[in-house]
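The sequence and the structure are shown first.

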Amino acid sequence: MTFGRVAVVGLGLLGGSVGLAIADNLPDCTTTGYDADPATRLRAAERGLVNRVCDTAAEAVAGADLVIFCVPVGAMGDAAAQIADALPERAIVSDVGSSKASVAEALRAALPGATVIPAHPVAGTENSGPDAGFAHLFRHRWCILTPPADADHAATARLSAFWEALGARVEIMDAAHHDLVLAVTSHIPHLIAYTIVGTASDLEEVTRGEVIKYSAGGFRDFTRIAASDPVMWRDVFLSNREAVLEMLGRFTEDLTALQRAIRRGDGEALFDLFTRTRDIRRSIVEQGQDDARPDFGRSDH
Ligand code: NAP
């Protein structure tokens with residue numbers, strides 16, 4: 001059911017974590033890896049992120065029965081084109097990209113005829129690069145598979161079993177729905193964090209020193225998200241444009257309603273909303289998707 005040879009293309013946070021998680025959970029599986037950056041390849045070999053780090057993507061995928069692209073979503077098409085002539089016929093192609101419809105299209109265009117089952121493990125941190133990965137990144141996290149309508153069921157089942165073996169819980173949905181859901185749960189929150197941190201640092205009447213000194217008032221929690229990789233997030237917004245713009249429209253309306261409530265002194269409206277949002281936080285902690293401790297349990301990593 002599982003795979004004997006997995007090739008990981010892109011050896012940063014996600015690729016490194018996939019390699020380490022395979023070593024921990026699927027000891028009979030051999031891994032190869034490739035990254036476009038020679039310094040990353042060197043560091044990946046030092047850390048043992050995969051069993052063998054290769055000098056070309058084609059070398060990495062030779063003999064693989066699963067190839068996982070772990071590069072920024074804007075680089076998926078180019079990365080896939082590099083292996084088009086070397087991809088074994090029986091191999092399943094997948095990825096970990098944060099947006100799904102555009103990535104599926106890029107992979108299918110670069111690898112016509114290949115079995116492509118896109119995936120998105122909803123797990124990550126604000127860190128990137130070959131030192132950022134860790135084996136238990138996917139444990140108890142959701143991994144969303146977005147197989148195309150005509151996908152081979154056996155291939156989808158094998159990929160589901162693979163992610164479950166790495167500790168993830170698997171959900172299957174269509175790519176367009178994934179992109180809408182993730183726009184509201186991940187992409188818009190990142191956009192808001194980037195905005196608020198940008199606004200605070202541009203304020204002329206408040207000094208940068210004060211922003212940092214009094215950050216515990218809420219600002220510092222946004223700065224964690226706003227420290228996320230600029231290349232990755234630029235690509236997410238460009239690739240999931242439609243869904244992000246739709247959700248941003250709704251968010252802007254809600255923000256305007258709050259603005260009106262504050263202007264009118266409508267304490268009831270504010271109180272009602274803040275009570276509802278507190279319940280959502282409780283549900284997230286209860287379902288094991290976060291930790292109630294002030295550092296969100298991150299010191300355990
Ligand atoms: P990362 O740490 O920056 O790693 C990406 C690696 O891919 C970099 O080393 C990059 O090298 C390399 N790369 C770029 N183009 C390549 C190519 N054509 N061929 C081979 N390697 C290439 O990024 P990440 O956080 O692991 O993100 C990887 C993917 O996971 C993205 O699609 C992202 O949307 C998705 N994802 C991220 C998170 C998260 O929280 N970070 C969560 C879920 C999914 P250079 O640095 O030289 O460009």
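K100 sits in the loop between β5 (92–95) and α5 (101–110); helices (H or I, at least four residues) and strands (E, at least two) are DSSP runs, numbered from the N terminus. The model is predicted, so local features need pLDDT of at least 70 and side-chain atom pairs count only at pLDDT 80 or more, while totals for chains, interfaces and linings use all residues. Residues are numbered from 1 along each chain as its sequence is written, and side-chain values use heavy atoms, with hydrogens and water left out.

**Buried residues**

K100 has a relative accessibility of 0% and therefore counts as buried. Buried means under 20% relative accessible area, exposed over 50% and partly exposed in between, with a 1.4 Å probe and protein chains only. A polar atom of the K100 side chain lies 2.9 Å from the backbone oxygen of A119. Apart from neighbours within four places in sequence, K100 is in contact with D95, P118, A119, H120, T146, A175, H178 and D179, where contact means heavy atoms within 4.5 Å.

C54 is found in the loop between β3 (52–53) and α3 (57–61). The relative accessible area of C54 is 0%, so this residue is buried. T32 is 22 residues away from C54 along the chain, and the C-alpha atoms of the two are separated by 6.9 Å. With neighbours within four places in sequence set aside, C54 is in contact with T32, G33, Y34, R41, E59 and A60.

R41 belongs to helix α2 (residues 38–47). R41 is buried, with a relative accessible area of 15%. Beyond the neighbours within four places in sequence, the contacts of R41 are Y34, D35, A36, V53, C54 and D55.

**Helix packing**

Two packed helices are described by the angle between their axes and the distance between the axes. Axes are lines fitted to C-alpha atoms, for helices over the stretch in contact, and angles run from 0 to 180 degrees between N-to-C directions.

| Helix pair | Axis distance | Angle |
|---|---|---|
| α7 (residues 175–202) and α11 (residues 241–264) | within 9 Å | roughly 65° |
| α7 and α10 (residues 230–239) | 11 Å | about 125° |
| α11 and α12 (residues 267–286) | within 8 Å | roughly 135° |

Angles under 35 degrees count as roughly parallel, over 145 as roughly antiparallel, 65 to 115 as roughly perpendicular and the rest as oblique. By this scheme α7 and α11 are roughly perpendicular to each other. The crossing of α7 over α11 is right-handed; a crossing is left-handed if the near helix is turned anticlockwise from the far one by less than a right angle, and right-handed if clockwise. On the α7 side the contact is made by D179, L180, A183, V184, H187, I188, L191 and I192, and on the α11 side by A243, V244, E246, M247, L248 and F251. These residues divide into eleven nonpolar, one polar and two charged. Ala, Val, Leu, Ile, Met, Phe, Trp, Tyr, Cys and Pro count as nonpolar, Asp, Glu, Lys and Arg as charged, and the others, Gly among them, as polar.

α7 and α10 are oblique to each other, and α7 passes α10 in a left-handed crossing. S186, H187, H190, L191 and Y194 of α7 meet W233, V236 and F237 of α10. By class, this contact has five nonpolar, three polar and no charged residues.

α11 and α12 are also oblique to each other. Their contact joins L258, A261 and I262 in α11 to A269, L270 and L273 in α12. The contact of α11 with α12 has six nonpolar residues, with no polar and no charged ones.

Definitions and conventions: A polar contact is a pair of N or O atoms within 3.5 Å; within protein, one must be able to donate a hydrogen and the other to accept it, and residues adjacent in sequence count only if both atoms are side-chain atoms.
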